[in-house]
Amino acid sequence: MVRHNNQLPDNLPQLQNLIKRDPESYKDEFQQQYRHFLSSLEVFALNPAEENKALDELVMFIAQVAQCYPEVCLQFPQHLVDLLKNHATTLDPAMRNCFVKALILLRNKNLIPALDLLELFFQLLRCPDKHLRTFLQNHIITDIKNMNAKHKDMKLNSNLQNFMYSMLKDANPKAAKMSVDIMIELFKKNIWNDEKTVNVIATVGCFSKLTKVLVASLKFFLGHDEEEKGSDDSDSDKEVDLKGALIQSRVNKKTKKRKKQLEQIKKQAVKAQKKKKNAPSFNFSAIHLIHNPQGMAEGLFKQLQNNNERFEVKLMHLDVISRLIGIHELFLFSFYPYITRFIQPHQRQVTRVLQFAAQASHPLVPGDVVEPILKTIANNFITERNSSDVMAIGLNATREICQRCPLAMGEDLLRDLAMYKTYKEKSVMMAARSLIMLYREQLPALLHKKDRGRLTEAQAELKPKAYGEVDVYDTIPGAEALLKNSKTIDLGSDDDDTDSHDGDWVNVSHSEGEGEDNDSEKEDDNTESDDDDDDEDVDEDDSENDDDEDNDNVEESDSEDEEAESEDDDDDSENEGDDKQSEENSTKKVPKTSKQKIVSRKNSISSISSKSSKRSQQQSKKADLPENAKILNEKEAAQELALTRIFTDEDFKRINAANLKKTVTNARKRPLEKDREEFVKLDKIEMIYKKRKHDKESRLETVQSGRSDREKFGWKDGRQNENCSKTNREKQKRKNFVMMRHKARSKVKKSFRDKQQALRKHLLHIKKMK
C-alpha cells in the first residue's frame, strides 16, 4: 500500500528520529538519502566555493545515523576527507565548518581512525579562517587527551609527534604557531610531557625564523614553573572552611538552598582531604629534559648575536641561556663578556640582566671568567656617586653571583665591599652585611679578621674547596649525633637470621668535649662530685667575661676549654684537703681514649664510659669484652651504624638538629641558607630596605587603603539604589525631636469617641475627593 502523505524524504529530522528507534525498518529510506547525497556531492565538487544548504543538511543527517548502517556508510568519511584535502582553501566557510563537524561526529562514534583525522585537521590549520583554527585546536587537544585518559597510546603519540615535527617547519606562520601552541598545551596537561616533545620544541621551535613561533617556544622554557606555582597558590586560596560552614548552618535559618550548599562544601572538603593524602607528583620542568643543552645554549647565543630582534626577545634569549648554563652547569665563556655590556645603571631592565648574570654562575665556572662581571658591577653600581638604591641592588647582585661561584671574588674587592657595612643608608648597610655573612660560611679566610665573626663548630670543620672539588661522603653527615645521649642504640636489623647476631664487640672512643655534652651520662653517674658543678659554673662565668672583653675573638676548641678547666679546678682545690685533691685528680686526669662506647654487632652499641669512671673500672669492663673486639673512633662507629641500621624519621630529625646546632652561635640564632636554588628570584636582587614615611599624608593614605574593602560602619541601608529617595518613616528617624514631638504625643491611646470622630472625618474627606 502506497502512503500518499509520506513526508519522510523531505523531513530529515523525523526520519533521523525513526531510524535511531528502528534502523531495519527504515533502511530503504536511508539508502535513498545516501544516493541523493552522492549525487549532490558530485554536483558540489564542480563549484565548491558556493554554499549548498541541502547538502549541508544531508551530511549532518548521515553523520548522525551512520552508526546504524556501518556497511552502507563505509566510504562516507573518506568522501568528506577527500573533499577537504582537495578544496580546503577554496571551500565556502559554512560548508567547510559543516564537513569538519560531521567528521568530528564520526570520530566520536569511532567510525574514522584518529590518526587520519588529526593529520587532516593539522593541514586545515593553514586555512585563513580564525574561527575554524580555534575550533580545530580545541578539538585536537581534547581528542588527544581523551585517547590518553586510561593509558597512553605510545604508537599513536609517536606518529602524531612526528607529524607535528614537520608542521613546525611549515612555511605558513599560522599553522606553525598553532602547532607549537598545541604541543605546549599538551605538555602542560601532562599528556605529551615526555622528552621527545620538549626536544622538538627545543630544536625546531627555538630556532624558527618566525618570531611568533620563536617567542612561544622561549616562553615555554621560561614560564612553566611560574604557572605551576600560581596554580598551587590558587588551590591554596580555595581551601574549604568546613568548620565555619557547619557553625553557620547550626545558627542560620534552615532552608533547602543552605542545606544544598552545606552538602556541596562537605563533598569539597572530602575531595580536598583525599588530594592531600595522595603522594605528590614531581613534574620536572621542560628545561631538565633537553638532550643537548650545550648545543642549544651555543645555538641560541649565536642566534642572539646575529639576529636584530626587539629588546624583549633578546631578554628572553638571555634568560633561557642563563638557565641552561646554571642548571646543566655548562661552559659558555663568551656569554659573560656579552652580558657585561648591559650592566649599566641606566640600562632598561637592568635588574633582570643582573638576574641572568647570577643564573649563569655555577661552581664549575672559573673565577677569572666571572670576576670581570663583579668588577663591572662594583665600578658602575657600588659607588657613592650613585643613589643608595643602585648601590644596594649592586651589592645584592654581587651576593647572588658569589653564592653560586664563591671563587670569583677577590680578597681586595671583598674587603672593599665589606667596608659598606657601616654606610649611612640602611639599605646599603644591610646588603653589605649579607655579603659578609655569605663569605663567613663559605670562605672566611678572604674576610678581614674582625669581619669573620665567632667561629662555629661547622666553620671549624669547613675546609675551603679548590676549583672543581666535590665533597664525597662515605657516611651520613652528622650520624655521630645518634651515638650521643644514649646508653644503647638498636641497630634495627629487619631480619631474624642467626647470621645477623654474630659479630664482634667494638669500642668507640670520644673526645673529652663530646663526653661532657652527654646529658644522660651526667644523670646516670652517681659518683660525680659536687665540685664538678662548681667548676662548670666557673667556666661559664669565664666564657661570659671573655665574650664581654672582645667580641671579635675566635672561640677555642672544646678540648682546649677542657684543659683550661682542669687547670682552674686544680688551682681552686689546693686549699682543700689532700684526699679531695687526689679524688679530683683521679677524675680529671682520665685520658681521652678511656671514654668509650661499646658497639655490638648484635644490633646494639652500649656505652661504658662516664666522666667520673676510674681506670680500675674501665679495665674490669674491658676484661669482660670478647677477645676479638675492635676499637673504633666516633667517625668509624657512625659509619658502622649507618651500614648496619636503617635510620628512622626520628633519627634524621636528630641528625638535622645536630647539624643545625653546629652552624649557630650565641650571637647568630639562625643559620644561612646553603642550598643553591635553580633560578634566581628577582626579588632577591631588588629587595631594598626602604624607610617608610611617617608624615600625616602617608599615614592617612595607609588608613584609607585599609578601609577600601571594608563595609561602611553603622546602620546598613537596605536600598538597592543609594541615590533613590527614602520613605517618610526613614526620614523621620533623622529629624530633630522638637519637630516630631507632636507626632509622638499622638501615639497616646485614643478613646472610642476620638476614634469615631477621626473615622467620620476621614470618610467625609474621601467623599469630597470623589
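Arg 415 and Glu 411 lie four residues apart in helix α20 (residues 411–418) and are therefore separated by about one helical turn; helices here are DSSP runs of H or I with at least four residues, and strands are runs of E with at least two, numbered from the N terminus. The model is a predicted one, in which local features need pLDDT of at least 70 and side-chain atom pairs count only at pLDDT 80 or more, whereas totals for chains, interfaces and linings use all residues. Residues are numbered from 1 along each chain as its sequence is written, and side-chain values use heavy atoms, with hydrogens and water left out.

Arg 415 and Glu 411 form a salt bridge, with the closest N and O atoms 2.8 Å apart; the term denotes a side-chain nitrogen of Lys or Arg within 4 Å of a carboxyl oxygen of Asp or Glu. Arg 415 counts as partly exposed because its relative accessibility is 30%, and Glu 411 counts as partly exposed at 35%. Buried means under 20% relative accessible area, exposed over 50%, and partly exposed in between (1.4 Å probe, protein chains only). By the salt-bridge rule, the count comes to 13.

A further salt bridge joins the side chains of Asp 319 and Arg 352 (3.6 Å, N to O). This pair links distant parts of the chain, with Asp 319 in helix α15 (residues 311–328) and Arg 352 in helix α17 (residues 350–359), 33 residues apart. Asp 319 is buried because its relative accessibility is 6%, whereas Arg 352, at 25%, counts as partly exposed. In the salt bridge between Arg 399 and Glu 400, the closest N and O atoms are 3.1 Å apart, and both residues are buried.

Helix packing was examined for α1 and α3. Helix α1 (residues 12–21) packs against α3 at an angle of about 10 degrees, with the axes 10 Å apart. Axes are lines fitted to C-alpha atoms, for helices over the stretch in contact, and angles run from 0 to 180 degrees between N-to-C directions. The two helices are therefore roughly parallel to each other, a term for angles under 35 degrees; those over 145 count as roughly antiparallel, 65 to 115 as roughly perpendicular and the rest as oblique.

Val 65 belongs to helix α3 (residues 53–65) and is buried because its relative accessibility is 0%. Beyond its neighbours within four places in sequence, Val 65 is in contact with Gln 16, Ile 19, Lys 20, Phe 30 and Lys 109, where contact means heavy atoms within 4.5 Å.
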